[in-house]
Amino acid sequence: MLPEEEEYLQLEKEIKLDDIDFSDLEEKYNFEITLDNYILVDGAPIAPESKVPILIKVLKKLFSSVGEIDENGEIKDGIYMPLENGKSKGYLFIQYKSNESAELAVKKLNGKKLDQNHRLLVNKLSDIENLPEDKEFNEPEIEPFKSVGYLNDWLVDSQGRDQIVLHFNENVGVYWNKKSNEPEPVIEPRKGFTSKYSKFSPKGTYLFSIHPQGVQSWGGKDFKSIKRFFHNQVRLIDFSPNENYMVTLSPIPITLPDSIHERQQFPFGKESEGHKLVIWDMNNGEPVRTFALPPHLEHQKEMPWPLVKWSFDDKYCARQGPDALAIYETPSFNLLDKKLVKIDGIQDFEWAPSSVPLQNSKQIEHVLSYWTPESSNQTARVALMSVPSKEILRTVNLFQVSDCKMHWQDQSKLLCVKVDRHTKSGKTIFSNLEFFKTTEKDIPVEKIELKDVVVNFAFEPNSDKFITISRLDDGNPNPAIPKNTITFWAKETKGNKTNGKYKAYKEIENKHSNTIVWSPKGKYVIIATVSRSSGELEFFDFLFDDEILSKNKNLPANVKLLRTEKFSGMTNLSWDPSGRFLACWSSSWLHLIENGYKIYEFTGNLLRDDSIDQFKEFIWRPRPESLLSNSDKKKVRSNLKEYSAQFEEIDVMEADAAVKEAILARRKQLEDWRKYRSKFHEINKAKNDEAIEETIEEIKEEIIEEKEEIVE
Amino acid sequence: MAMRPIKLMGHERSLTQVKYNREGDLLFSVAKDNAASIWFSSNGERLGTLEGHQGVIWSIDVDPETNLCATGGGDLAIKLWKVETGQCVFTWESPSPVRRVAFSSDGKRLLAIADQVMGHIGTISVYDLKTNESDFNNQDIKPSLIIETDQNNSKSNVANFTQDGKFIISGLDNGYVNKYDSNTGELIQSIQAHGIHTEEKNISITDIQFAPEDKSYFITSSKDKTATLIDVESFEILKVYKADAPMNTAAITPVKDFVILGGGQEARNVTTTAESQGKFEARFYHKIFEEEIGRVKGHFGPLNTVAVHPNGAGYASGGEDGFIRVHEFEKSYFDFLFDAERSEKAAASGNI
């Protein structure tokens with residue numbers, strides 16, 4: 001630093017600007033500036049001095065479009081573009097004749113793209129007055145880290161129990177599932193916890209409550225508040241599979257608050273104005289992208305949800321628009337290749353739920369499927385598209401299609417497209433099932449043609465077996481006639497080989513059943529009738545171990561109805577993450593008849609029946625995938641008896657207080673006895689081997705048969 | 001606990017005692033007839049009989065090496081037999097009927113209880129044995145020690161040496177258990193084990209058997225319908241097992257933590273009681289938890305004596321009906337565990 005500079009700085013420190021009295025000067029020149037007419041434009045190109053006049057001319061023309069520029073005001077010619085080292089500095093000032101023009105310029109031209117590389121940022125100069133007055137730079141306060149404890153605390157429960165959320169009246173409580181006993185509260189039920197519903201993230205890490213102002217996340221051992229996501233009047237929420245992102249939707253478009261101060265607190269910028277759909281980063285709680293609702297969804301009563309669908313690993317997400325698919329890459333949330341994917345008439349799409357095991361591919365394959373309807377010059381189509389290449393892996397052309405539903409098998413080895421077709425007359429509907437075999441060369445498609453229309457379809461988890469509920473579209477809509485057919489499908493086997501063709505192993509006709517709920521571990525499945533007037537649960541075993549199965553170990557299916565249970569008024573049913581328990585409930589959101597919940601064992605044995613006035617919802621807390629390796633799991637299975645012993649004792653104790661006391665007493669007795677005996681062990685060790693025992697071989701004789709023979 | 005017993009039908013009258021040798025291959029039995037029997041425990045074949053007593057034989061015992069076997073009877077005789085040949089090698093005369101005989105753990109001493117009848121004061125006599133084969137028939141006629149067991153006008157019914165041979169434990173007619181110095185005959189400790197858990201009038205102690213693992217504790221059975229487990233050193237009652245009939249015998253099982261009790265309504269009471277069942281079953285209790293876990297039927301009269309195979313694979317019971325039933329335990333017996341034991345086992349195998 002030069003000595004003069006140092007001197008100057010010293011001087012500046014000594015003389016305080018505030019101490020100088022300018023009042024005489026101000027009075028003399030009547031210096032009063034209103035900044036309302038001025039705007040500050042940033043983001044303009046940095047141009048060499050020679051080009052500046054042209055640039056000014058261009059900008060003057062642009063900014064004149066919203067109002068008259070004051071060419072005779074404080075600024076010469078109405079525009080001032082500062083220069084430095086023979087170049088413009090990228091910003092300029094404009095003086096309008098009126099405040100309204102300046103306002104309009106901000107509203108209309110802020111964010112205006114001048115060219116590919118230059119976006120103008122327009123602000124009113126008077127905004128400066130609204131800036132905080134602190135002269136010194138205040139370092140923003142970093143909030144102290146607030147620990148909510150171990151987020152996966154519930155997974156280390158010594159008894160391996162699952163947590164549940166019970167929502168009744170205005171209360172939401174988190175409990176431990178105690179099977180037939182009263183659930184044990186994890187936290188005190190909270191009144192007014194949510195204004196609508198509560199929801200867990202997909203791996204169970206966070207619990208969310210919905211409020212008029214937005215969404216609130218909770219977690220850790222005591223369910224402390226973690227983050228708030230401000231989204232006015234939020235209605236629907238959804239998550240990426242790995243909990244990295246949350247999507248929220250509100251019917252109220254985002255509007256920026258008026259005051260600058262509030263805007264600073266507001267999570268959204270100007271670019272989000274009018275948007276309804278928001279993607280949030282779950283880790284920092286900030287919005288990463290906002291979207292307006294596609295025009296065809298505005299004013300729709302029933303909103304398809306989710307509107308943003310995620311690839312299995314959160315790497316991509318996609319939105320469907322009219323005639324196009326928008327695929328975004330995370331974490332930038334830029335459009336893949338900066339372009340929409342044009343798909344004329346796209347009706348629906350689904351991501352494969354895992355990496356698709358394509359033949360000759362060892363890398364992770366992101367695949368999505370979509371379908372387009374028939375048009376005047378084209379058949380209906382189902383296609384598989386690879387992402388990010390956008391290569392179409394396979395298409396199938398279809399005729400006379402009314403609707404398609406795409407069901408991916410959860411290992412992505414199969415895609416079943418349920419195609420509802422109409423007869424030529426268009427009067428009756430029937431279904432085809434098209435199976436895309438993604439693991440095989442060129443992805444062959446197997447078709448099952450049915451006379452019925454399939455109303456429900458569900459793959460068994462981690463398997464190629466599935467169940468359909470179907471009915472004949474015979475034009476008789478009388479709902480009192482039970483005419484649904486439940487069909488259990490599996491690949492036919494001959495010897496121990498499968499020919500790969502599906503076969504209906506069991507059909508049950510004349511049912512009202514409308515719901516299929518597979519155990520998350522497979523094998524067991526509930527076929528339910530969810531209806532207002534009646535409710536029924538049928539517990540099936542799809543691989544029932546009996547004589548038939550033991551005779552033919554390769555038999556893929558052996559269906560057995562384990563139990564039928566009635567539950568009138570049942571509105572929902574859900575398996576626990578382990579597949580041991582089924583919760584069914586009657587929610588006051590749908591009707592007020594017999595509200596409450598029941599817990600069944602997977603075999604259909606009723607464990608708990610709790611009628612609760614104004615019962616709303618039962619939620620099992622999801623679990624993340626197990627961290628155990630396959631060999632670990634094998635070890636557990638082979639030592640199941642020993643593992644289960646400890647839990648059985650707990651179970652018995654839970655069942656009965658008296659039994660519990662007895663068990664605890666026995667434990668004490670056992671402990672005391674071991675203590676008593678332990679003092680002898682040392683003594684005995686020393687004494688041992690004094691006596692030499694003889695090993696005696698014992699020969700046991702068994703008379704197998706006695707015969708009397710007469711010898712002549 | 002379904003078991004398929006071998007029925008030994010060699011005695012003509014009620015069994016009084018059954019006993020395994022150390023290896024368990026042989027089973028020794030005595031009854032109210034005048035011949036003792038030796039059986040192969042595995043198949044129930046009779047090895048032979050020991051004949052020589054003139055009446056009821058109350059007690060039998062075999063030394064650790066299965067060289068010698070001793071019997072005591074109502075004929076005022078204590079007899080020593082050579083097992084291999086079945087010969088009676090020596091006979092002591094007793095002043096009154098012999099209720100119990102027992103070898104010490106080293107096989108070098110023998111005790112015999114002379115009953116307090118016929119004007120005789122109840123005694124425990126201890127004989128030092130000559131264990132060389134050549135001296136088998138050259139035993140000292142006189143006991144090395146005589147303990148008078150009269151206590152408050154009661155008498156000793158059963159007795160046995162402790163593991164180290166220092167003490168003799170004896171069960172009395174009045175429900176007391178006494179511990180004597182086996183060299184001096186001094187009464188060291190005494191505890192009332194029976195007559196305190198129930199209201200029964202007859203509180204006579206009927207059997208004493210030691211823990212198979214190290215004889216550091218023992219079980220007593222009594223007509224007071226209970227059995228107790230007592231620690232040798234502290235002489236404290238560790239456990240009490242309550243039954244619904246007078247108990248004549250009790251044994252502790254190796255391998256599993258069980259005890260077996262045997263008894264039943266006495267024949268003369270059976271017809272007069274409403275419970276004509278008689279309760280002639282071997283009762284299995286959990287040794288530590290004192291809970292009954294099972295019963296084995298089979299005898300037509302009260303069980304007078306039970307003995308457990310030393311390797312824990314089975315047991316034998318002798319009944320008032322004159323039969324011996326030799327049982328082999330099945331898998332369910334070994335699998336049976338209480339909840340607390342299961343979780344203890346799971347913990348031990350390192351799964352928690």
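Rings of Phe, Tyr and Trp (its six-membered ring) are paired if their centres lie within 6.5 Å; planes under 30 degrees apart count as stacked, over 60 as edge-to-face and the rest as tilted. On this rule, 52 aromatic pairs are found over all chains. The model is predicted: local features need pLDDT of at least 70, side-chain atom pairs count only at pLDDT 80 or more, and totals for chains, interfaces and linings use all residues. Side-chain values use heavy atoms, with hydrogens and water left out.

A:Phe435 and A:Phe466 form a tilted pair, 5.1 Å centre to centre with 35 degrees between the planes. A:Phe435 lies in strand 32 (residues 429–437) of chain A and A:Phe466 in strand 35 (residues 466–471), so the pair ties together parts 31 residues apart in sequence. Strands are DSSP runs of E, at least two residues, and helices are runs of H or I, at least four, numbered from the N terminus. Both A:Phe435 and A:Phe466 are buried (under 20% relative accessible area, 1.4 Å probe, protein chains only). In chain B, ring pairs link a cluster that includes B:Phe258, B:Tyr315 and B:Phe338.

Chain B contributes 35 residues to the contact and chain A 27 (heavy atoms within 4.5 Å). The area buried between the chains is about 2,800 Å², with 50% from carbon and sulfur atoms; buried area is the accessible area (1.4 Å probe) that two parts lose on being put together, summed over both. Seven salt bridges cross the interface of chain B and chain A (a side-chain nitrogen of Lys or Arg within 4 Å of a carboxyl oxygen of Asp or Glu). One joins B:Asp257 to A:Arg674, with the closest N and O atoms 3.7 Å apart.

Conventions: Residues numbered from 1 in each chain as written. Chains lettered and ligands numbered in written order. Buried < 20%, exposed > 50% of the residue type's maximum accessible area, 1.4 Å probe, protein only.
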